[in-house]
Amino acid sequence: MILSARLQAIADLVPISHTLADIGTDHGYIPFYLIRQNRIQYAIAADISEGSLNKARELIRQQNLEHCMETRLGDGLSVLSPGEANTILIAGMGGALIREILEQGDAAARSASTLILQPMIGQQELRKWLLNNGYAITDEELAKEGRRIYEIIVAVSDQTAAGYEKEVFYDVGWKLIEKKHPLLKEWMQGKIHGLEEIMDNLEKGKTGLSAARLQECKEKHRQYKEVYRCLIE
Ligand SMILES: C[S@@+](CC[C@H](N)C(=O)[O-])C[C@H]1O[C@@H](n2cnc3c(N)ncnc32)[C@H](O)[C@@H]1O
């Protein structure tokens with residue numbers, strides 16, 4: 001199976017381990033791929049939607065994977081007992097929903113050795129929540145599909161984890177800056193360009209509200225530029 005760039009980057013981050021739980025599995029491609037690659041021995045493919053889970057069920061049936069991959073219908077981590085999965089993957093959802101799933105399934109989440117999280121939006125809030133709630137971010141990846149760049153966060157339960165020194169590191173992802181990720185320059189250029197467009201529009205608006213928002217954007221722009229300069233030095 002050829003995975004999309006986003007799914008491949010997620011799969012590459014899953015450590016060799018016994019059991020993976022894929023929460024919100026939908027098609028079930030990542031557990032299927034990892035089993036075929038012998039990177040995991042067992043997969044729990046879970047989803048809140050019967051319709052979504054039927055896709056994973058069909059894949060299991062077609063590929064005769066009943067002995068090493070099972071499906072579970074349910075909300076978030078409620079389908080897992082603590083200690084059942086070494087790695088928990090939650091991908092393709094908003095950051096707020098991922099946070100809610102981790103909060104509600106705290107015991108199961110903390111019992112896993114690794115969490116692989118791929119928020120589609122709300123990445124900044126998710127990073128902040130993780131670091132303020134006893135998780136360390138141990139790695140991050142970017143994956144480009146078409147014109148979109150996706151963010152993937154690897155986290156582990158760690159009560160000693162500390163917050164970031166600068167606000168911008170929650171937005172850009174400190175681990176990406178630290179390793180000067182090859183896609184980071186392009187991604188930062190896009191973020192800076194997007195912000196400049198917003199600032200142009202706000203400047204035309206000139207209301208009290210837009211003046212305050214413009215100040216916020218200018219500060220963010222300054223911080224982005226500072227990160228960008230570090231990348232080209
Ligand atoms: C956009 S798909 C992502 C599928 C796959 N993980 C990926 O990254 O390609 C989101 C999936 O999450 C499921 N989902 C949404 N909320 C959920 C929840 N609270 N618990 C489990 N699954 C959920 C949806 O039914 C859907 O199948």
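Predicted model: local features only at pLDDT ≥ 70, side-chain atom pairs only at ≥ 80, totals over all residues.
Biologist: Which strands are the edge strands of the open sheet?

Modeller: The open sheet has seven strands with mixed pairing, in the order β3-β2-β1-β4-β5-β7-β6. An edge strand pairs on one side only, and the two that do so are β3 (69-73) and β6 (135-145).

Biologist: How many bridges join β6 to β7, and which residue in β7 is the bridge partner of E145?

Modeller: Strand β7 covers residues 148-157 and runs antiparallel to β6, with ten bridges joining them. Within β7, the bridge partner of E145 is R148.

Biologist: What angle does the direction of helix α3 make with that of β3?

Modeller: Helix α3, residues 50-62, packs on the sheet, where it touches both β2 (40-47) and β3. The direction of α3 and that of β3 make an angle of about 170 degrees.

Biologist: Which element supplies the largest share of the shell around the ligand?

Modeller: The ligand is surrounded by 18 residues, the closest being R6, G24, D47, D75 and G76. At least two residues of this shell come from each of α1 (5-13), β4 (87-93) and α4 (95-104). The largest share, three residues, is supplied by β4.

Biologist: What percentage of the accessible area of the ligand does the protein cover?

Modeller: Polar side-chain atoms of H27 and of S52 each lie 2.9 Å from an oxygen atom of the ligand, while a backbone N or O atom of A91 lies 3.0 Å from a nitrogen atom of the ligand. Of the 600 Å² of accessible area that the ligand has on its own, the protein covers 80%.

How values were computed. Residues numbered from 1 in each chain as written. Heavy atoms only, no water. Pairing = 2+ DSSP bridges. Helix = DSSP H or I, 4+ residues; strand = E, 2+ residues; numbered from the N terminus. Contact = heavy atoms within 4.5 Å. Axes fitted to C-alpha atoms, helices over the stretch in contact; angles between N-to-C directions. Near = heavy atom within 4 Å. Polar contact = N/O pair within 3.5 Å; in protein donor to acceptor, adjacent residues only side chain to side chain. Areas by Shrake-Rupley, 256 points an atom, 1.4 Å probe, with all protein chains shown as cover.
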